[in-house]
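Please open the model in your viewer and keep the selection tool at hand. This tour goes from one group of aromatic side chains to the next.

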Amino acid sequence: MDLLRDNTYDIEIGNTIARRHNASFQQVLELSPKKCVDYDYSVMNLQMFLYIPLPDMTELCFVVPKSAPKSVFLVLLDPYDRFSWIAFGLTVIAISLVLFMYGESLRYTNFLLIALEMLMAVLNGPTHRLSGQFERFVIGLFMLLSIVVISGYQSLVISFMSSARYEPQLDTFNVINDTCLFMYDPQLSSLGYKFKNVHRTYEIFESTERMWSVKWCAMLTCTEAQYVMANVGDVDQLQTVDPDAIQLMDEEEWHAIKNQLKYFRYSKARIQSTTSLYRAAYDSPIRHHLAWYTQAFIEGRLEYFPVLKKSKPRAKEILEDTLDSISVQQMSMKDLMVAWILYSVGMAMSLLSFVLEQIVRCMRKIKQLIRSRNRNKRLVKKTWLVL
């Protein structure tokens with residue numbers, strides 16, 4: 001028996017059977033009931049009983065950290081995925097190689113300068129006059145491609161910078177296993193739950209912020225997660241909690257959990273899904289009624305109605321899947337400083353590329369001047385020898 005499971009519709013089914021067949025219904029919350037019971041809740045199909053499947057599942061859930069907002073610099077890379085950026089870089093390299101090998105006026109220059117010329121063509125058009133038809137054709141097609149790429153990038157990056165962007169959600173088992181840090185548990189390890197990243201000390205539990213920063217995660221039953229989310233709204237009003245309900249934690253622990261749920265959430269990933277069952281004895285007089293009414297509740301989707309009636313409002317910061325609000329936020333002056341930083345970086349790179357290009361040109365002129373002087377000296381020597 002799972003004492004933390006939400007038994008709202010179980011009570012509704014029992015009361016419905018009792019009301020329609022002139023009987024009485026009483027719920028017993030004990031691991032080993034001292035009285036004889038007609039049926040109970042189980043997830044194991046063992047012994048000689050009548051097992052009735054229920055609409056809910058018994059599963060294992062994960063507590064994962066909420067996603068943090070991305071920095072503005074990372075948002076600038078969001079409009080296209082990494083495969084698009086890699087394809088664009090390979091396109092620039094391929095066109096630079098083609099122009100270096102087969103271009104008429106560009107095959108005698110440096111490959112790096114041709115690649116830099118391609119990047120400059122993307123930003124503001126070509127900086128040099130092209131003489132060959134092949135070069136004009138290739139760079140013209142590349143500029144048509146760059147117009148589409150830059151237009152899409154500009155429209156997307158403006159919309160991305162106007163709202164908060166967050167890191168990917170941890171909602172699959174593979175991502176959780178690769179990202180999260182779990183506490184080493186020899187009992188879970190013996191059962192086959194071996195996670196990739198584990199820790200054996202308690203230093204990370206010094207504060208909730210530290211647990212969130214190291215991406216600490218934990219595995220627990222989904223019934224415990226549902227119990228916490230159903231009752232965390234009454235943390236500040238614990239006197240309103242049903243006295244007959246099982247109290248898992250005291251007031252101090254409830255406040256600690258509420259504070260942790262500002263940084264953590266329950267992931268959508270589920271493992272070890274098992275169908276929940278009613279286990280009724282064959283000599284029970286209500287076993288046929290129990291099977292019929294349970295099936296009627298499932299077909300009519302009535303199991304959700306009593307749960308919705310007792311639902312309670314929860315705090316906004318607990319319901320959110322991210323660390324901050326996901327609503328559209330206005331860019332602050334601190335965030336807009338990135339535009340000036342990028343402008344300064346672009347100016348510095350342009351100045352550096354201009355200086356490097358002038359140095360390369362000067363070196364070529366110096367080499368040509370040295371070659372011409374050597375030729376002149378050879379010619380002078382030849383004329384002296386002829387004389």
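**A tour of the aromatic rings**

Begin by selecting Phe205, which is partly exposed with a relative accessible area of 31%, where buried means under 20% relative accessible area, exposed over 50% and partly exposed in between (1.4 Å probe, protein chains only). This is a predicted model, in which local features need pLDDT of at least 70 and side-chain atom pairs count only at pLDDT 80 or more, while totals for chains, interfaces and linings use all residues. Residues are numbered from 1 along each chain as its sequence is written, and side-chain values use heavy atoms, with hydrogens and water left out.

Rings of Phe, Tyr and Trp (its six-membered ring) pair if their centres lie within 6.5 Å, and planes under 30 degrees apart count as stacked, over 60 as edge-to-face and the rest as tilted. By this rule the count comes to 13 aromatic pairs.

Next, select Phe62 and Phe173, whose ring centres are 5.9 Å apart with planes at 50 degrees, so the pair is tilted. Phe62 belongs to strand S2 (residues 50–65) and Phe173 to helix H6 (residues 173–179), so this pair ties together parts that are 111 residues apart in sequence; helices (H or I, at least four residues) and strands (E, at least two) are DSSP runs, numbered from the N terminus. Phe62 counts as buried at 0% relative accessibility, whereas Phe173, at 32%, counts as partly exposed.

Tyr202 is exposed, with a relative accessible area of 62%.
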